[in-house]
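Please keep the sequence and the structure in view while reading.

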Amino acid sequence: MTHKLLRNAYESVLTMTAVLLCWSLALWLEAAAGLHTDVLVLAVALTLTLAGTQRTADTRRRLTALALLPATAAVSILVGRLIAAHHVIGAVVFTAGMSAPVWIRRYGRAATKAGTLMTLPFIALLVVPGPALPPKAQGALVSWGWAALIGLLAASCVWLVQGLGDRYGPWRPDPEPPNPPPRRPSRLRPRPSTRMAVQMAAAIAAAFVAGRLLFDDHWPWAVLTAYVAASGNRGRTDVVRKGVERLAGACAGTLLAAGVATAGVTGPASVALMFTVLAIALWLRPLNYAYWAAGMTTALSLLLGRLGQDATSLLPTRLAAIAVGAALTVASAWWVLPVAKRRAAPPEALRPSPGPISDLGDRPGAVPLRTRDG
């Protein structure tokens, strides 16, 4: 356990170094080009998420990230504007963009890795979407060109820091296992990858509807929970477990955030505390996802406070939205084209790429069936 904690701490340091480097560059861009706070949020979210998916990447995959991430970051900004202007149309586009990467897993490891990169900016979009920004920022959201540049910076910072860490650090990332031998095609119709894509779409679509009706502009919390609980699930009980862990962590984070608000931490101290909380949550995250959920709840409350919102009063709404999103995802996994779990381990090509952040991506997981075609 001591060795695991030490290695987790090292990986957390690498990730936070890349995050702070990208955040510093984005902060300079914000001041130089007259941008807004959303550019900083995008920089932190993309770097934090990408660091986990690229930890074992070779040069080819890192070059793919350099090309694909800026493009999808730009598209995600346009989708965010579409959601703000035409909520129903934007929700449909967003739902399709999140479920399609699950469907393409049938085409092997390369398609799975590309699909993971495609979803990262869309997950980041849920952290602080346009309607949640302060009024002075809503009329001047970062353009698609700046978003693409931030995506490029995030990929470059992750590559630089992880490369230096692999060269001079005490640990190297564990190599990915070789491709498994071909297995017989699944006899399920529709295929498991199609079933999981439909489950994802159903959960996210339902979360959009319920979130908008029940929580108004705070609908992203329900949608984010639906994605976290549905992605990479190993079966119906796994979805229940992840939903419970996320809710338990959010409750703990609520108490921490209330304590921070009572202490009156503001200004640069709140920024330093936010990054400290993220680092600790990253360190403990491999032990249990609830640690990460608690850390993210606290960090987001600090972020919303800096954006002019009363984060403390919004925490009960956040917990309610998380509970609704988890319940909708459980219902989708159990009753919408369910996939039974088998004891045999699934092929690596069908596993979603591991990521350190489940509020902006899912924990390492696997699809339920051992099949060749998803």
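In helix α10, Lys 242, Glu 245, Arg 246, Gly 249, Ala 250, Ala 252, Gly 253, Thr 254, Leu 256, Ala 257 and Val 260 meet Tyr 289, Ala 290, Ala 293, Ala 294, Thr 297, Thr 298, Ser 301 and Leu 302 of α12, where contact means heavy atoms within 4.5 Å. Helices are DSSP runs of H or I with at least four residues, numbered from the N terminus. This is a predicted model, in which local features need pLDDT of at least 70 and side-chain atom pairs count only at pLDDT 80 or more, while totals for chains, interfaces and linings use all residues. Residues are numbered from 1 along each chain as its sequence is written, and side-chain values use heavy atoms, without hydrogens and water.

- The contact of α10 with α12 is made up of ten nonpolar, six polar and three charged residues; Ala, Val, Leu, Ile, Met, Phe, Trp, Tyr, Cys and Pro count as nonpolar, Asp, Glu, Lys and Arg as charged, and the others, Gly among them, as polar.

**Residue Leu 328**
- Leu 328 belongs to helix α13, residues 311–335.
- Leu 328 counts as partly exposed because its relative accessibility is 25%, and partly exposed lies between buried (under 20% relative accessible area) and exposed (over 50%), with a 1.4 Å probe and protein chains only.
- Beyond residues up to four places away in sequence, Leu 328 touches Ala 206, Ala 207 and Ala 210.
- The C-alpha atoms of Leu 328 and Ala 230 are 9.8 Å apart, although 98 residues separate the two in sequence.

**Residue Phe 208**
- Leaving aside neighbours within four places in sequence, the contacts of Phe 208 include Ile 83, His 87 and Trp 219.

Note on methods. Helices (H or I, at least four residues) and strands (E, at least two) are DSSP runs, numbered from the N terminus.
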